[in-house]
Amino acid sequence: MKLNFNSIALLALTASAAQAQADRPLQTGVMVMAHGGDSAWNSAVIKSVAPLRERWPTEIAFGMARSDSMAAALHRLSAAGATRVAVVAMFISAESFRNRTEYILGIGGNAPEKGMGPADP
């Protein structure tokens with residue numbers, strides 16, 4: 001596994017969440033992964049997930065499985081008290097970016113092939 005800043009941040013968040021679980025009750029957060037677009041598109045996505053926010057801490061990771069966007073959303077969820085996260089992929093195809101997402105989150109998958117999918121910064 002190639003470690004970069006975002007990978008290290010995700011690993012640290014995982015360790016932090018594990019410690020938090022021992023210290024406080026489980027709190028589920030929701031990370032919605034959505035393809036970013038213009039302001040009208042992004043506003044529509046934000047509006048569509050509003051009902052989730054009424055029940056759970058919810059953050060949107062815009063971009064196509066970008067590790068920096070996902071790490072930022074996970075940090076915000078952790079700051080909001082989430083100790084575990086449900087990931088919702090809001091893409092046209094249920095399989096879009098699944099392998100890449102599982103790899104970035106450290107729950108499976110393989111490293112993306114060079115030249116496949118969007119590049120991380």
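Trainee: What pLDDT does the protein average?

Mentor: This is a predicted model, in which local features need pLDDT of at least 70 and side-chain atom pairs count only at pLDDT 80 or more, while totals for chains, interfaces and linings use all residues. Residues are numbered from 1 along each chain as its sequence is written, and side-chain values use heavy atoms, with hydrogens and water left out. pLDDT is the predictor's confidence in each residue, from 0 to 100. Here 61% of the residues score at least 70, and the protein averages a pLDDT of 74.

Trainee: Which element has the highest mean pLDDT?

Mentor: Helices (H or I, at least four residues) and strands (E, at least two) are DSSP runs, numbered from the N terminus. Helix H1, residues 5–23, has the lowest mean, 51. The highest, 94, belongs to strand S2, residues 58–62.

Trainee: How many residues of S1 are buried?

Mentor: Buried means under 20% relative accessible area, exposed over 50%, and partly exposed in between (1.4 Å probe, protein chains only). In a regular strand the side chains alternate between the two faces of the sheet. Thr28, Val30, Val32 and Ala34 point one way from S1, and Gly29, Met31 and Met33 the other way, all of them buried. The number of buried residues in S1 is seven of seven.

Trainee: Which residue in S3 stands opposite Met33?

Mentor: Two strands pair if DSSP finds at least two bridges between them. S1 pairs with S2 in the parallel sense over five bridges, and there Met33 stands opposite Ala61. S1 also runs parallel to S3 (residues 84–90), joined by seven bridges. In S3, the residue opposite Met33 is Ala89.

Trainee: How far apart are the end C-alpha atoms of H4?

Mentor: The expected span of a helix is 1.5 Å times one less than its number of residues. H4 has 13 residues, 67–79, and so should span 18 Å. The C-alpha atoms at its ends agree with this, being apart by 18 Å.

Trainee: Which side chain makes a polar contact with that of Thr28?

Mentor: A polar contact is a pair of N or O atoms within 3.5 Å; within protein, one must be able to donate a hydrogen and the other to accept it, and residues adjacent in sequence count only if both atoms are side-chain atoms. Thr28 lies in strand S1. At 2.8 Å, its side chain is joined to that of Arg84.
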